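Here is a structure to work through by question and answer. Please look it over before reading on.

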Amino acid sequence: MSHGGKLVHAVREILVKDNSSQAGNVGRTHAAGRIIREAALVAILGAAFAFAANQVSPLGLALTRDYFPAGTASPAQPAVAGTNSGAVTPAQFLAEQMKEKGLQLLEDGKAARLFHDPRFKQDIIVFIDARDEEHYQQGHIPGAYEFDPYRPEKYFDTVLPVCQKAEQVVVYCNGGDCDDSESAAILLRDVGISNQKLFIFGGGITEWTANNQPVETGARNSGNLRKPNP
Amino acid sequence: MKTGQTSWSRVAVNVSAVLARWLLGAVFLYMGLSKALHPVDFLKLLRQYDLTQSPLLLNSLTATLPWFEVFCGLLLLLGIAVRGTALTLIVMLVPFTLLVLHRALLLHTALAIPFCAVKFDCGCGNGTELICRKLSENLLLFALSAALLAGRGRQFSLRFSLIKPSA
């Protein structure tokens, strides 16, 4: 029996009644065939509707864009409990991953030192927040530039000249298994920002807030600072 | 007396079937919209499944699936092409449920925790959920779709069948 035949048979089996069809097996087979044709029509119309809605929606995705320039494979799976002592630490693993992608991971505690460096005030050291607008507004490293790697066209005009002028560009996202900072760094590298000055702050905003560093809410330089806990 | 009981039970079945159709339609409308309004989040979640290495395929699936669910949800709420829509939903539910199950089994093995304690955001539109709850929900959606496929829920339909039988 062909696949189509099997499907007709399966649908026919679960039909209880069909008022508009003739009684008996022939009628049920016709009804099943109609339902399958109707499902195919729904699928075609639904697909057309879906593509059109994506095109029209301001939030729609660009179908041909590679949103994960850092690699399409998903982030690492959670570590298995009870690994032996010879295993690499998460930090080492992350550093190795960055190295493979030609990116540099910022050393522990370096992000805070760069933030308090006087060169930060002159935009010689720049922080780039690679999260979406909603998260950026909720709280970011004070003075960090917003750069959502999934909507880069919206931010290039502001961020590119700043990164070109800067000597060190620190890119961060949420931390943990978030790899949006890598995607943002690769996007910046692809448009000509030197690899040598791009650094990934692996701990991201999670580590930043955990270390009681200040957080700014709203727009960049809004002055709305959430003070660290005493 | 018996006729009265039969007629009441028929009414109860019909009302339940219409409610089931509206419930199924509302669930798909909600799940579709919650993903369509956050396409990047959905893209990241779908990427977890390693379905494809092709950005075009991954983007197309992410961009269309939520709106497709919205479309099916609307058809069910309005009562248009109900049986065809129910069959489409069943054809969609089965592979997606198997994918979610596969990922849950991977996490169950990797984290060495009981299967029902596995909790993750499957990209289904409800955020982080316990796997056993998610599978039960999908089973319910499957059962409702099967009931509609069987011809229930005709009342208050704009056009229950799009393709009419030939005379």
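Q: In chain A, in which element is confidence highest?
A: This is a predicted model, so confidence comes first. Chain A has a mean pLDDT of 83, with 77% of its residues at 70 or more. Helix α1(A), residues 3-14, is where confidence is lowest, at a mean of 60. At the other end, with a mean of 97, is β2(A).

Q: Over which residues of chain A does pLDDT stay under 50?
A: The model gives this stretch 7 contacts beyond four places in sequence. The stretch is residues 76-85 of chain A.

Q: Which strands stand at the edges of the sheet in chain A?
A: The sheet is open, has 5 strands and pairs them in parallel. Its order is β1-β5-β4-β2-β3. An edge strand here has a single partner, so one side of it is left without a neighbour in the sheet. That describes β1(A), residues 104-105, and β3(A), residues 145-146.

Q: How many bridges join β2(A) to β4(A)?
A: β2(A) also pairs with β3(A), in the parallel sense, over 2 bridges. There, I128(A) stands opposite Y145(A). Toward β4(A), the partner of D129(A) is Y172(A). β2(A) and β4(A) run parallel, and the number of bridges joining them is 5.

Q: Which residue is the bridge partner of V169(A) in β5(A)?
A: β4(A) spans residues 168-172 and β5(A) spans residues 198-201. The two run parallel, joined by 4 bridges. In β5(A), the partner of V169(A) is L198(A).

Q: What angle does the direction of α7(A) make with that of β5(A)?
A: Helix α7(A), residues 180-190, packs on the sheet. It touches β2(A), β4(A) and β5(A). Its direction makes an angle with that of β5(A) of about 170°.

Q: Which element gives the most to the side of chain B that touches chain A?
A: The contact takes 39 residues from chain B and 43 residues from chain A. On the chain B side, α2, α3, α4 and α5 of chain B each give two or more residues. By class, that side has 24 nonpolar, 11 polar and 4 charged residues. With 13 residues, the element that gives the most is α3(B).

Q: How far does α4(B) reach from its first C-alpha to its last?
A: α4(B) has 30 residues. At 1.5 Å a residue, 44 Å is expected, and the model comes close to that. After the helix comes A112(B), with a positive phi near 50°. From first C-alpha to last, α4(B) reaches 42 Å.

Q: Is Y67(A) buried or exposed?
A: Y67(A) lies in the loop between α2(A) and α3(A). Beyond four places in sequence, Y67(A) touches Y150(A), L43(B) and P55(B). A residue with 20 or more other C-beta atoms within 10 Å counts as buried. Y67(A) has 22, so it is buried.

Notes:
Residues are numbered from 1 along each chain as its sequence is written. Chains are lettered from A and ligands numbered from 1 in the order in which they are written. This is a predicted model: local features need pLDDT of at least 70, side-chain atom pairs count only at pLDDT 80 or more; totals for chains, interfaces and linings use all residues. Two residues are in contact if their C-beta atoms, placed from the backbone, lie within 7 Å. Ala, Val, Leu, Ile, Met, Phe, Trp, Tyr, Cys and Pro count as nonpolar, Asp, Glu, Lys and Arg as charged, and the others, Gly among them, as polar. Two strands pair if DSSP finds at least two bridges between them. Axes are lines fitted to C-alpha atoms, for helices over the stretch in contact, and angles run from 0 to 180 degrees between N-to-C directions. The expected span of a helix is 1.5 Å times one less than its number of residues. pLDDT is the predictor's confidence in each residue, from 0 to 100. A residue is buried if 20 or more other C-beta atoms lie within 10 Å of its own, exposed if 12 or fewer, and partly exposed in between; C-beta atoms are placed from the backbone.
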